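Biologist: Please show me the chain, and then we can go through its contacts one at a time.

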Amino acid sequence: TMMATTMPRMRVRHGASRGRKALVVRAKERETTKEKVVRRIKAVAKPMGAAALALALALHPVDAAYAAKSSGRMGGRSFHSSRSHHSSSSSRSTGLAGKHTTRTGTATPSTSTFAWGFFPLVPFSPFGYGYGYGYGGGGGGLLFTLMLLGMFAFVAYEASQGGVLDDSLDDRITVARVQIGLLGLARQLQSDLDRIAARADTSTPSGLKYVLEETVLALMRNPDYMVYGGSATMVVRSPEEAEDYFNSFSMQERGKFTEETLINITGQRKSVTGQSGKLGMSNEYIVVTILVAADGKFKLPRCRDLTETKEALTKIGSLRASSLQAVEVLWQPQATGDALTRDELVRDYPALNIL
């Protein structure tokens with residue numbers, strides 16, 4: 001009787017246990033199914049969200065507050081033939097009325113006569129004939145002829161290579177550009193450039209020399225803040241070519257500016273209140289560009305380090321006022337509260353060298 005009573009009870013217990021296990025298995029299956037659905041939703045939602053964010057960024061305009069807004073520009077230009085310029089200067093300096101004096105080293109292309117000092121080199125014979133100056137023919141005449149031949153060859157070579165025996169022999173014009181990137185801590189430089197622009201008479205050669213010289217000095221007073229540099233030169237043979245290259249350099253730089261807030265060009269002045277580019281942010285960089293067109297041929301160091309940069313600045317700052325045909329100084333930012341970030345500097349001035 002006892003065994004008959006116990007067996008049904010054990011069957012009931014086993015049946016209940018199997019029922020509970022089945023319920024647990026079903027619950028786990030439901031959770032697993034739910035997790036799969038959630039994972040699938042997330043897998044679809046992530047790329048959709050990323051695409052929506054990318055679309056929003058693409059359609060949303062870039063805030064103008066994240067670009068330098070102010071810039072300055074000063075200088076002037078008066079392109080002319082360097083040969084005619086030097087000839088007129090020479091004529092004025094002689095002070096002789098009604099008489100033309102040939103300058104030392106001047107050669108007239110249509111003739112075969114060159115000048116060495118004030119003694120003309122005329123066609124001669126290798127045997128020493130045809131010379132006065134107290135020399136006769138014979139051995140002494142042959143020696144003197146050889147000396148003159150050497151002088152003639154030297155003059156001809158220098159003239160063909162553009163050597164500067166005299167300014168009037170070299171009709172070339174050099175267009176040069178020097179760019180300096182400084183840390184924004186050089187805030188005094190911005191004030192110095194504003195002061196130069198306010199004082200300079202950019203309609204005169206002496207005023208252009210003042211702009212060039214004072215800008216170079218202002219830069220050289222901040223060597224600790226110079227971190228980027230670069231230079232470029234172009235030598236041409238006509239004022240028209242020089243003006244074309246100079247205008248090209250100028251337009252390239254001006255195209256990087258949002259607004260020219262301070263201008264003094266050939267006596268024309270303009271000043272507007274520059275907006276602060278990045279409120280609450282430090283002024284990271286200042287970039288100054290110097291453009292020069294001057295008579296003659298010269299080269300500038302490549303500004304690969306601080307020493308070469310100083311040499312380049314010294315060279316252009318030492319150019320004579322009478323040789324200058326054009327000068328232009330451009331800088332950004334001009335307003336004290338404005339800033340040029342490193343990303344903007346790298347984007348707009350990729351050719352600059354790290355000093």
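Predicted model: local features only at pLDDT ≥ 70, side-chain atom pairs only at ≥ 80, totals over all residues.

Biologist: How many aromatic pairs does a search of the whole structure find, and is the pair of F79 and F246 stacked or edge-to-face?
Modeller: The search finds two aromatic pairs. In one of them, the ring centres of F79 and F246 are 5.9 Å apart and the planes stand at 70 degrees. Planes over 60 degrees apart count as edge-to-face, so the pair of F79 and F246 is edge-to-face.

Biologist: How many residues apart in sequence are the parts that F79 and F246 tie together?
Modeller: F79 is in the loop between β1 and α2, while F246 is in helix α6. Both F79 and F246 are buried. The pair therefore ties together parts whose separation in sequence is 167 residues.

Biologist: Which strands hold Y228 and Y285?
Modeller: Y228 and Y285 form an edge-to-face aromatic pair, 6.0 Å from centre to centre. Both tyrosines, Y228 and Y285, are buried. The parts they tie together are 57 residues apart in sequence, because Y228 and Y285 lie in strands β5 and β8 respectively.

Biologist: What distance separates the end C-alpha atoms of helix α5, and what span should the helix have?
Modeller: Helix α5 covers residues 205-220, which is 16 residues. The expected span takes 1.5 Å times one less than the number of residues.

Biologist: Is K209 buried or exposed?
Modeller: K209 meets E213 in a salt bridge of 3.8 Å, N to O. The two residues, E213 and K209, are four apart in helix α5, about one turn. E213 is partly exposed at a relative accessible area of 35%. K209 has 15%, and the limit is under 20%, so K209 is buried.

Biologist: Which residues are linked with R77 in a network of salt bridges?
Modeller: R77 in strand β1 and E328 in strand β9 are 251 residues apart, yet their closest N and O atoms are 2.7 Å apart in a salt bridge. R77 is partly exposed at 27% relative accessible area, whereas E328 is buried at 1%. The network links R77 with R73, R254, E260 and E328.

Biologist: Which residues form a nonpolar patch on the surface?
Modeller: One member, L142, is in helix α3. L142 has a relative accessible area of 40%, so it is partly exposed. Together the members of the patch have about 250 Å² of accessible area, and they are L142, L146 and L149.

Technical notes:
Residues numbered from 1 in each chain as written. Heavy atoms only, no water. Patch = residues over 30% accessible without salt bridge, like charges linked within 9 Å, V, L, I, M, F, W, Y side chains within 5 Å. Areas by Shrake-Rupley, 256 points an atom, 1.4 Å probe, with all protein chains shown as cover. Salt bridge = Lys/Arg side-chain N within 4 Å of Asp/Glu carboxyl O. Buried < 20%, exposed > 50% of the residue type's maximum accessible area, 1.4 Å probe, protein only. Phe/Tyr/Trp six-rings, centres within 6.5 Å; stacked < 30°, edge-to-face > 60°.
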